[in-house]
Amino acid sequence: ITVKEEVRQANAAFQATNYEAALIGLNRIASQQPLSSEQKKAMLEILGQVTKAVGANPALDSPTLYKARGQLMENLYGQH
């Protein structure tokens, strides 16, 4: 699967409020290659939106989503 296709799938999952699938896809992208500052900013924005959605509706949270959120933070902040 190409990065472009991975981004497309993550975006579609996010739009469908399938936050687990969206963040898992973003994690695959973030762990495969160095990201530009713009790419990191976009991923952090999505992460913020997911965190806000979970804050508004805690029923959305799950162990998988919690892990994916933490892993994305690690992937984004671990890169220099």
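How many residues does helix α4 have, and how far does α4 reach from its first C-alpha to its last? The legends below take this up first, for a predicted model.

**View 1. Helix α4 from end to end.** Helix α4 spans residues 63–77 and has 15 residues. From first C-alpha to last, α4 reaches 21 Å. That is close to the 21 Å expected at 1.5 Å a residue.

View 2. Buried in α4 are Leu65, Ala68, Arg69, Leu72, Asn75 and Leu76. They cover an arc of only 130 degrees around the axis, so they sit on the same side of α4. The other side carries the exposed residues Pro63, Tyr66, Lys67, Glu74 and Tyr77. The partners of the buried residues are α2 (19–32) and α3 (37–56), against which they pack.

**View 3. Asparagine 75 and its contacts.** Asparagine 75 belongs to helix α4. Its relative accessible area is 17%, under the 20% cut-off, so asparagine 75 counts as buried. Neighbours within four places in sequence are left aside here. Beyond them, asparagine 75 is in contact with Asn27, Ala30 and Ser31.

**View 4. The largest pocket.** The largest pocket has a volume of about 230 Å³. Two or more lining residues come from each of α1 (3–15), α2 and α3. In total, 14 residues line the largest pocket. Nearest its centre lie Val7, Leu26, Ala42, Met43 and Ile46.

**View 5. Residue classes in the pocket lining.** The lining of the largest pocket has eleven nonpolar residues.

Technical notes
Residues numbered from 1 in each chain as written. Predicted model: local features only at pLDDT ≥ 70, side-chain atom pairs only at ≥ 80, totals over all residues. Heavy atoms only, no water. Helix = DSSP H or I, 4+ residues; strand = E, 2+ residues; numbered from the N terminus. Expected span 1.5 Å × (residues − 1). Buried < 20%, exposed > 50% of the residue type's maximum accessible area, 1.4 Å probe, protein only. Arc of directions from axis to C-beta. Contact = heavy atoms within 4.5 Å. 1 Å grid on protein atoms, 1.4 Å probe; cavity = no way out; pocket = protein on both sides within 12 Å on 5 of 7 lines; lining within 4 Å. Points joined across faces, edges and corners; volume = space filled by probe spheres on them. Nonpolar A, V, L, I, M, F, W, Y, C, P; charged D, E, K, R; others polar.
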